[in-house]
Protein chains: 2
Amino acid sequence: MKRVTIYDVAKEANVSLATVSRVINGSSVVKEPTRKKVQQAIEKLGYKPNALAQGLALQKTTTIGLVVPEAGFNYIGQILNGLLDVAKIYHYSIILHTTTAGLNDLNDVVETLLKSHVDGVIIFNDKSELESYQLLQKYGIPIVVIGSKVSGDKIASVYMDMVAATYQVASMYAKAGIKDVIILEDRRNPQISLAMKEGAVKAFEEVGKAYNGFIRIPSNCRSTFTFLKEYLSAKRHSVMIAHRDSQAMAICNAARECGLKVPEDIEVVCMYDSKYNSMYRPQISAIAFPSYDIGAVSMRLMTKMLKDEPIDNKTIELGFIYTPRQSTKNGR
Amino acid sequence: MKRVTIYDVAKEANVSLATVSRVINGSSVVKEPTRKKVQQAIEKLGYKPNALAQGLALQKTTTIGLVVPEAGFNYIGQILNGLLDVAKIYHYSIILHTTTAGLNDLNDVVETLLKSHVDGVIIFNDKSELESYQLLQKYGIPIVVIGSKVSGDKIASVYMDMVAATYQVASMYAKAGIKDVIILEDRRNPQISLAMKEGAVKAFEEVGKAYNGFIRIPSNCRSTFTFLKEYLSAKRHSVMIAHRDSQAMAICNAARECGLKVPEDIEVVCMYDSKYNSMYRPQISAIAFPSYDIGAVSMRLMTKMLKDEPIDNKTIELGFIYTPRQSTKNGR
DNA sequence: CTGAAAGCGCTAACAC
DNA sequence: GTGTTAGCGCTTTCAG
């Protein structure tokens, strides 16, 4: 079917295209009878404004670029829901791009984003690549970074304080005199792993102890699980802290295979809660972040930047809450 | 920074904009020296073609609309990865839209898609709403439907045969003389629940038995788990089949709370495998579909339709494979 | 081989 | 109030 344009509507309604344009955009100056006439023509013809042409003429597209780490949809699904809900409310379209772990493709993505003339960009800070942001900044495109604290002109960020979260968990143990607290590296999230380590260091510092319980998973290991099975068959620890649900489960599974009971012989804590933590047995104690809100708040921030609304805080830190379950003991 | 346009490049290179356009589009008629001159100007100015203007002029956007059910990112994450990888290869951009369960918002989404002049649309067939497809068809926009067999002009589909998959599972039991096989409804996927039921009916028909083991979860039940805890405290079954990982886990958890052992007292099978099935204990036996391929194949189909390449099969059925694990017994 | 000019669909001054 | 017209940035005939 041939697309019907504003000209067709104008002709049908016997008015000029300017008038039609006014009607579409809800300009109040149009007289009611004319408005109605145009409205009818639009209905009759099934006219739908061409967003491209509008974008070209207006120099804005009501489109927001969204950059997420590939293979991360489980992890960020809830965040996306928040993001998309808010985007829908404000009638923004989302252009989705993924970055692949290891590849330095953020630059390519930004390039594409630039060409599509998105009004703004929301980036999951997989690996923090500040240089790429600068290109966007150069064009005055607002950015919201999710997952790490970044600020600058037209840059806002929404993040969770992993240092504080890990500090809280590690602190429980440090204060209880339990020193043998291990943090398991998340190879896919080096940034976060570092933050976790920092939190633990801080917690143990407070009780006057040095912390060196961070364990790195050798790069030649196929999976966290296979590594742990070997590792736990030799070493014993009181507590292991993992980043994601699957890693926490891997610890539990490996422990079991090594004849260890959770939580009796080893306690396990997950730093990023998901529904699977409470479906697993034993249920895994975890830090929960308000995932949906992370997305919703990020998008809201973006809309504010786009409408030049005042923003009181451009770096928003979202709280967390620790839920003790069955993988920890003594009320922890 | 002011966006540099084709005019700027033309001026810089002392040629007409037509020539610049030819260079960008790799037209072979441009003489090498001119080409080089233009190329340099492009580099120097950092020119990036405006996709909107190109879209307007060409009447195509190299953008594909993607419609997914909200709250489904865990479920479809892997599919998305396949989709996006292929899209990247063919340089298509993705506009992401979600539909909310219950709401009849596919029409709105299609409306938006139409306005953004996407070249094609890929829809996850959450609830099958054929009427919405027709609107797209009217405009000659190719559609790929994921998850159910649909065909028509410019419509292709990629789906998994849930009937056959469930048939295979149910058949194992029917043939072993185990009649007490329950299929648990997935309230979020009525289509799939029906297909599962159909497969079981077929399997039991073959051994001359009627099948009526489909159980519906009352709409007032908060969660599958709470329902099952109550349900299993009264009723006993040999086998329960669930659609997703979380539902299969809910069965296992509820069974345990009712003093039942998996698989000794009750066997559990999941119809849509995920990594969590093998992380749970007991590991849950499951039917695995090639998720990544579903996405990749769908996108590839779309590119073919867009380039008018010949397509030998517009309804692609993807195979599945059953992996017995610890939640079933006797080699099943 | 290159340039001039029309047109893609729409918006926003500026006239009337 | 409504119409006219000049762009927005690019592609693509059509001339030369």
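Guide: The account below begins with the sheet and then turns to its surroundings.

The model is a predicted one, in which local features need pLDDT of at least 70 and side-chain atom pairs count only at pLDDT 80 or more, while totals for chains, interfaces and linings use all residues. Residues are numbered from 1 along each chain as its sequence is written, and chains are lettered from A and ligands numbered from 1 in the order in which they are written.

The sheet is open and has 12 strands with mixed pairing, in the order β11(A)-β5(A)-β4(A)-β3(A)-β1(A)-β2(A)-β2(B)-β1(B)-β3(B)-β4(B)-β5(B)-β11(B). Its edge strands are β11 (315–318) of chain A and β11 (315–318) of chain B, each of which pairs on one side only. On average, with direction ignored, neighbouring strands are turned by 20 degrees against each other; the axes are lines fitted to C-alpha atoms, for helices over the stretch in contact, and angles run from 0 to 180 degrees between N-to-C directions. Strands (E, at least two residues) and helices (H or I, at least four) are DSSP runs numbered from the N terminus, and two strands pair if DSSP finds at least two bridges between them.

Strand β2 (residues 93–99) of chain A pairs with β2(B) in the antiparallel sense over 3 bridges. Leu96(A) has Ile94(B) as its bridge partner in β2(B). Strand β1 (residues 63–69) of chain B also pairs with β2(B), in the parallel sense over 7 bridges, and Leu66(B) stands opposite Leu96(B) there. From β1(B) the chain crosses through helix α5 (residues 73–89) of chain B to β2(B), a right-handed β-α-β crossover; right-handed denotes a clockwise path from the first strand over the helix to the second, with the strands pointing away from the viewer. β1(B) pairs as well with strand β3 (residues 120–124) of chain B, in the parallel sense over 4 bridges, where Val67(B) stands opposite Ile123(B).

Strand β2 (residues 93–99) of chain B is largely enclosed by the rest of the structure, because 6 of its 7 residues are buried. A residue is buried if 20 or more other C-beta atoms, placed from the backbone, lie within 10 Å of its own, exposed if 12 or fewer, and partly exposed in between.

Thr62(A), in the loop between α4 and β1 (63–69) of chain A, has a positive phi of about 45 degrees although it is not a glycine, and is partly exposed, with 18 other C-beta atoms within 10 Å. Asp308(A), in the loop between α13 (291–306) and β11 of chain A, likewise has a positive phi, near 55 degrees, and counts as exposed with 8 C-beta neighbours inside 10 Å. Most residues other than glycine have a negative phi.
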